[in-house]
Amino acid sequence: MFWWGRAEAAGNEVLGRHLSAECTACHQLSGKSVTGIPPIVGWPEDQFTAVLASYGRKERGGQVMQAIAAKLSHGDMTALAAYFGALSPKP
Amino acid sequence: MTQTRRHLVAGSGAILAAASLCMPAVLGQAKARVVVVGGGPGGATAAKYIARDGGGAIAVTLVEENETYQSCFHSNLYVGGFKSYEQLLHRYDALTATYGITLARQRAVRIDRDTKAVLLADGTRLPYDRLVLSPGIDLKYDSVPGWSQDAEEAMPHGWKPGRQTQLIRQKLEAVPDGGTIVMIAPPNPYRCPPGPYERASMFAHVLRTTGRTKARVVILDPKDSFSKQGVFMPDWEKRYGSMIEWLAPRVHDGIKSVDPAKGTVVTGFETYENCAFVNVIPAQMAGAIAREAGLAPAGGYCAIDPATMKSTADPAVFVLGDACIAGDMPKSAFSANNQAKVAAMVVCSELAGGPAFPTRYFNTCWSLVAPDDAIKVGGRYEPRDGRIAATETFISQPGESDEVRRQTQAENMAWYDAISADIFT
Ligand SMILES: Cc1cc2nc3c(=O)[nH]c(=O)nc-3n(C[C@H](O)[C@H](O)[C@H](O)COP(=O)(O)OP(=O)(O)OC[C@H]3O[C@@H](n4cnc5c(N)ncnc54)[C@H](O)[C@@H]3O)c2cc1C
């Protein structure tokens with residue numbers, strides 16, 4: 001059980017890292033704050049997942065993010081939340 | 001509960017892959033060699049991600065002839081006075097320092113696909129296990145009658161960076177009030193589909209804000225329609241009145257010839273004499289190094305496998321960005337950067353046992369129409385029926401509020417900074 005938990009976490013990290021490449025075309029990995037596109041590093045994971053999910057349901061407005069989130073599974077979203085959540089902003 | 005269990009199962013493939021991420025394909029073997037030709041959004045991104053994700057098992061050499069990359073993306077903002085030229089410049093120091101990429105500051109002159117090697121101008125021979133090509137475009141200098149490479153000073157294209165981009169701005173500055181700018185737009189497929197129309201917007205903006213309100217911009221198009229036309233045209237009218245005139249082939253009846261010495265443009269319907277400035281954007285094709293390697297038909301672009309970005313002619317070679325045929329994806333910096341990440345994943349999977357995930361693509365192209373007024377078009381894409389096909393698209397709407405347009409321009413500016421960081425740092 002313990003092994004599975006660790007292995008899953010490793011798999012999740014690989015998935016999050018892979019998916020993050022789509023985000024970094026617009027969101028800076030440094031978490032640098034700029035007007036126009038919000039920084040996404042260092043967020044609480046549940047908040048990150050909730051925001052992505054609301055784009056996915058097209059509740060939250062924004063053409064680009066709606067189109068991105070539409071294709072992300074719940075597992076994808078939590079993997080991204082963990083990946084970006086573990087980074088800290090370098091202002 | 002079901003969710004967690006399914007996730008666990010779905011994740012298990014990635015777990016196994018993760019365990020082998022840092023192992024070379026054969027232990028003890030020398031590093032696998034990847035050569036990347038072209039340090040633009042396609043090539044520099046591919047070099048970075050392969051070096052970063054190769055787990056130390058891959059030696060990456062980036063071949064780029066210029067010391068500094070000058071971006072065509074946002075060069076229209078330079079023309080419009082929204083950016084300095086220096087803001088379009090990027091260096092490769094961070095890529096070499098951070099990821100251990102070897103930079104070969106040379107022109108690649110030939111690819112020997114039989115022996116898998118790239119030959120550089122100084123005679124160096126770089127053997128490769130995988131080759132990534134992202135050389136951008138070459139111009140078809142014979143595609144507009146009367147125009148040629150010798151005429152590119154008198155009638156600049158500004159579709160390759162450097163002096164050409166700066167000439168566009170200089171010629172714009174010299175246009176007298178009442179003068180006519182003629183832009184000859186390119187036929188499909190070409191680099192940056194909305195680019196000519198964003199540039200025409202910048203011409204009108206500069207003319208208007210410098211009091212040259214009687215000058216006009218005539219776009220002679222070989223196409224019947226253009227990217228974001230339904231948003232650009234009402235916006236032009238709103239922002240610039242009748243200053244920008246767009247003429248389809250059925251209206252101008254074809255571009256018959258240009259005379260660079262006299263500044264004349266002859267169409268089937270009309271002759272434009274003493275033009276203040278003629279901007280000829282010719283037809284385009286894949287960069288020479290890719291064409292000469294036999295990866296594209298004469299005068300064309302390189303066919304790729306949509307799942308991997310590999311050339312359909314050679315499974316050891318990837319072709320990215322403007323040089324490839326990417327189906328529904330436009331030729332943009334965004335697309336090139338995005339395609340590079342797919343290629344990097346495939347390379348790391350094949351050479352370093354990295355994980356393979358389903359291939360998908362994304363693109364957005366922003367265009368500035370007037371200060372604080374930008375529009376966008378974009379979509380999500382997937383491999384389907386042998387090509388990259390759009391699965392969901394979005395586009396700005398005519399008549400959106402000023403606030404939406406202001407926000408779209410803020411996105412555009414932030415995107416440039418983020419993608420530059422993603423490519424070059
Ligand atoms: C006016 C204009 C506006 C644009 N605006 C946007 C925009 O807003 N958004 C957007 O996403 N895109 C925009 N684009 C498009 C964007 O610039 C291109 O799609 C993008 O640069 C393509 O990247 P690439 O890697 O394929 O090629 P390039 O960027 O052309 O890079 C190719 C590199 O390869 C090098 N090279 C080529 N051959 C060799 C060789 N044999 N040896 C060594 N080095 C070689 C070149 O020096 C160059 O550095 C615009 C283009 C123009 C012209």
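## Getting started

Helices (H or I, at least four residues) and strands (E, at least two) are DSSP runs, and they are numbered from the N terminus. What you're looking at is a predicted model, where local features need pLDDT of at least 70, side-chain atom pairs count only at pLDDT 80 or more, and totals for chains, interfaces and linings use all residues. Residues count from 1 along each chain as its sequence is written, chains are lettered from A and ligands numbered from 1 in the order in which they are written, and side-chain values use heavy atoms, with hydrogens and water left out.

## The six-stranded sheet

Let's begin with an open sheet in chain B. Its six strands run in the order 5-2-1-9-21-20, and the pairing is mixed. Two strands pair if DSSP finds at least two bridges between them. At the edges sit strand 5 (102-104) and strand 20 (310-311) of chain B, each pairing on one side only.

Now zoom in on strand 2 (residues 58-63) of chain B, which pairs with strand 5 of chain B in the parallel sense over three bridges. There, B:Leu62 stands opposite B:Leu103 of strand 5. Strand 2 also pairs with strand 1 of chain B, again in the parallel sense, over six bridges, and B:Ala32 faces B:Ile58 of strand 2. Is strand 2 of chain B mostly covered or mostly uncovered? Mostly covered: five of its six residues are buried, where buried means under 20% relative accessible area, exposed means over 50%, and partly exposed is in between (1.4 Å probe, protein chains only).

Contact here means heavy atoms within 4.5 Å.

## The nonpolar cores

A nonpolar core is a set of buried Ala, Val, Leu, Ile, Met, Phe, Trp, Tyr and Cys residues joined through side-chain atoms within 4.5 Å. The largest one has 142 residues, and those touching the most other members are B:Ile50, B:Ile58, B:Val118, B:Trp236, B:Met309 and B:Trp415. Helix 10 of chain B gives the largest share, 12 residues. Where does this core lie relative to domain 1 and domain 2 of chain B? Domain 1 (3-138 + 285-358) and domain 2 (144-280) both give residues to this core, so it lies between them. Those domain bounds come from an automatic or database domain assignment.

There's also a second, separate core of 15 residues, including B:Met155, B:Ile184, B:Leu247 and B:Cys275.

## A four-stranded sheet

Another open sheet in chain B has four strands in the order 13-12-11-17, with parallel pairing. Strand 13 (244-247) and strand 17 (277-280) of chain B are at the edges with a single partner strand each, so one side of each is left without a neighbour in the sheet. From one strand to the next, the twist averages 15°.

Strand 11 (residues 180-184) and strand 17 of chain B pair over four bridges, and B:Ile184 stands opposite B:Val280. Helix 7 (residues 229-240) of chain B packs on this sheet, touching strand 12 (216-220) and strand 13.

Most residues other than glycine have a negative phi, and most peptide bonds are trans. Now look at the loop between strand 11 and helix 6 (195-209) of chain B, where B:Pro189 lies. The peptide bond from B:Asn188 to B:Pro189 is cis, with omega near -10°. B:Cys192 is found in that loop as well, with a positive phi near 60°.

B:Asn274, in the loop between strand 16 (271-272) and strand 17 of chain B, has a positive phi of about 50°. At 65% relative accessibility, B:Asn274 counts as exposed, while B:Cys192, at 26%, counts as partly exposed.

## Where the chains meet

The contact takes 34 residues from chain A and 38 from chain B. The area buried between them is about 3000 Å², with carbon and sulfur atoms giving 62%; buried area is the accessible area (1.4 Å probe) that two parts lose on being put together, summed over both. A:Ala25, A:Gln63 and A:Lys71 supply 18% of the area that chain A buries against chain B, more than any other three residues.

Definitions and conventions:
Axes fitted to C-alpha atoms, helices over the stretch in contact; angles between N-to-C directions.
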